[in-house]
Amino acid sequence: MAGFPEPLQRLIAEFERLPGIGTKTAERLAFAVLRDTPAEVGSFVDAISSAKQSVTSCLRCSNVATADLCDVCADPTRDAGLILVVEHPRDVVSFEKTGRFKGTYHVLMGRLTPHEGAGVEALSIRNLEHRVTSDRVREVILGTNPDIEGDATALVVEKRLQGKAVVSRLARGLSSGGAIEFAGTEVLAEALRLRRPSGSGG
Ligand SMILES: [Zn+2]
């Protein structure tokens, strides 16, 4: 039985490496690329390589950036004394869409998943501790996802910041288990506005 030609197999294999892409989807994507004009393919290849070359991590908050500092950290009108801790740059985008948060972020670049082997040291918590002690931070809001791993991550961050800053948590307006990146902007804005001191339960 003849399979796909080697170059096509290779393209399918590259798509299949990506998260959430199974063999059938990878095949569909590969055939879609083959239907593209050379100019479209060139633009696709260029987008991949230029994103890889120019997108880096903010030195302060670990958010995605194209310079030393991300757009939020580089903005002098943002309140550096207020930090919202999130798991992923996608969450930054979600909170930015609310238009209500005027502080800065700290992106952990992950969450605690002990069974998958991702430990505390893989997260950018040390940088956060450094910011809190050196930048006169008034309040740190824990904005991890409202699920088991998000809560475990928040607990660890809170312990590390004990006695160094006021720590608060988002209000439970977010449905438990619902991811921040899929929450509506009004829900997120309310969760921020109604945040409460950490350790108060609920
Ligand atoms: Zn930043």
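**View 1. Val 64 is partly exposed, with a relative accessibility of 45%.** Partly exposed lies between buried, under 20% relative accessible area, and exposed, over 50% (1.4 Å probe, protein chains only). The model is predicted: local features need pLDDT of at least 70 and side-chain atom pairs count only at pLDDT 80 or more, while totals for chains, interfaces and linings use all residues. Residues are numbered from 1 along each chain as its sequence is written, and side-chain values use heavy atoms, with hydrogens and water left out. Val 64 belongs to strand 2, residues 64-65; strands are DSSP runs (E, at least two residues) numbered from the N terminus. Leaving aside residues up to four places away in sequence, Val 64 touches Val 55, Thr 56, Cys 70 and Pro 89, where contact means heavy atoms within 4.5 Å.

**View 2. Four cysteines coordinate the zinc ion.** The SG atoms of Cys 58, Cys 61, Cys 70 and Cys 73 lie at 2.3 to 2.4 Å. Donors are N, O and S atoms within 2.8 Å of the metal (3.2 Å for Na, K and Ca); water is not among the atoms, so sites may look incomplete. The arrangement is tetrahedral because the 4 donor atoms subtend angles of 103 to 116 degrees; for four donors, tetrahedral requires all angles between 85 and 135 degrees. Along the chain, the donors follow the spacing C-x2-C-x8-C-x2-C. Cys 70 and Cys 73 are both buried.

Technical notes:
Tetrahedral: all angles 85-135°; square planar, octahedral: opposite > 155°, others 65-115°. Helix = DSSP H or I, 4+ residues; strand = E, 2+ residues; numbered from the N terminus.
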